[in-house]
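Keep the 3D view open as you read.

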Amino acid sequence: AGWSMPIEYEGTLAEHRAVRESVGMFDLTHLGKIDVDGRGAFDWLQSVLTGDLSRVDVGGAQYNLLLNDRGGIVDDLIAYRVTEERWLVVPNAANVSKILEALQAETRPDVVVEHRPDLVTIAVQGPRSLDVVEAVLPPARSLDYMRCAESSFREVLAVVARSGYTGERGYELFVPDAVARQLWRDLLEAGAGLQPCGLGARDTLRLEMGYPLHGNDISEDRTPLEAGLSWAVAMDKGDFPGRAALARQKEQGIPARLRGLRMAGRLIPRAHYPVLAGGERVGETTSG
């Protein structure tokens with residue numbers, strides 16, 4: 001999506017193990033950041049995203065999908081309710097413009113949608129993540145999973161969230177670019193043995209947990225029902241883009257399903273390898 005990002009620092013395997021056994025830190029600034037603010041922010045997001053946001057109180061967060069009219073997944077994202085009226089929506093880097101377009105599709109006087117490329121995202125993940133983050137941003141201590149809180153770093157407003165895409169306990173920190181380098185340095189100083197991690201380990205960690213990656217495992221050509229993500233869709237909350245298509249698919253039958261494959265040996269299938277059953281091609285790998 002136009003970003004130059006590190007694939008690895010010490011090596012993908014070493015960084016993967018650091019997150020599983022100790023603690024690692026990722027620069028995820030390529031992820032999108034969009035503020036949706038105002039009295040009508042809840043109603044607007046409730047009508048656009050698939051999840052039931054009425055279940056998200058202030059300081060909460062929810063994994064969500066935005067669909068096209070065919071029920072295909074335009075993107076998967078997390079919506080953080082930072083205050084009563086302000087939501088921070090975090091989409092994948094390649095889909096920021098599509099999510100912005102969808103959120104700005106309707107002009108509403110009670111909603112302001114603002115792209116926030118000035119925000120940097122740093123993720124600290126692993127069993128020791130709390131000790132590291134708490135030393136720099138104390139509100140981390142009080143956060144349960146999928147919760148967030150406003151804080152300050154060097155007298156600048158920051159958002160601390162207990163979330164991540166590694167499967168380990170972890171935190172995602174959103175700060176303005178002006179103080180981001182200092183935050184990175186302070187976290188390194190606070191966490192003895194804290195391992196910087198690149199996109200290689202991020203991919204292996206999420207794949208080991210069975211978390212889907214947009215563009216690989218999910219896309220605008222696949223629905224949440226096909227991807228095993230029906231739990232992120234609240235069919236009973238009212239209308240949203242793609243709802244009618246999902247209702248039709250549920251009635252007619254799901255044509256394909258995303259599933260995990262367990263290998264018998266050490267060979268690794270790559271993306272788009274054919275999957276055979278009894279000599280017949282029945283599908284293809286998406287991530288490997």
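Start at helix H1 (12-21), where Thr-12, Glu-15, His-16, Ala-18, Val-19 and Arg-20 are buried, buried meaning under 20% relative accessible area, with exposed over 50% and partly exposed in between (1.4 Å probe, protein chains only). Helices (H or I, at least four residues) and strands (E, at least two) are DSSP runs numbered from the N terminus. The cover over those buried H1 residues includes strand S1 (24-27), S7, strand S11 (195-197) and H6, with contact taken as heavy atoms within 4.5 Å.

A quick word on the ground rules: this is a predicted model, so local features need pLDDT of at least 70 and side-chain atom pairs count only at pLDDT 80 or more, while totals for chains, interfaces and linings use all residues. Residues are numbered from 1 along each chain as its sequence is written, and side-chain values use heavy atoms, with hydrogens and water left out.

Now for the pockets. A pocket here is an open set of points on a 1 Å grid over the protein atoms alone, where a 1.4 Å probe fits, with protein on both sides within 12 Å along at least five of seven lines; a cavity is a set from which the probe cannot get out, and lining residues have an atom within 4 Å of a point. Points are joined across faces, edges and corners, and a volume is the space filled by probe spheres set on them.

The largest pocket has a volume of about 1,500 Å³. Its lining counts 43 residues, with Leu-207, Arg-259, Leu-261, Ser-287 and Gly-288 nearest the centre. H1 turns up again here: along with helix H6 (199-208), helix H7 (224-227) and strand S13 (280-284), it gives two or more residues to this lining. H6 gives the most, with 5 residues. By class, the lining has 16 nonpolar, 15 polar and 12 charged residues (Ala, Val, Leu, Ile, Met, Phe, Trp, Tyr, Cys and Pro are nonpolar, Asp, Glu, Lys and Arg charged, and the others, Gly among them, polar).

Of its 29 lining residues, His-30, Leu-31, Asn-92, Arg-202 and Leu-213 are closest to the centre. The classes here are 18 nonpolar, 6 polar and 5 charged.

What about the packing? Beyond its neighbours within four places in sequence, Leu-173 touches residues including Val-120, Ile-122, Val-133, Val-160 and Leu-187.

Finally, look for the 3 aromatic pairs, meaning Phe, Tyr or Trp rings (for Trp, the six-membered ring) with centres within 6.5 Å, stacked if the planes are under 30 degrees apart, edge-to-face over 60 and tilted otherwise. Tyr-63 and Trp-231 are stacked, because their ring centres are 5.3 Å apart and their planes at 25°. Tyr-63 counts as buried at 13% relative accessibility, whereas Trp-231, at 60%, counts as exposed. Tyr-165 and Tyr-211 form a tilted pair, 4.8 Å centre to centre with 35° between the planes.
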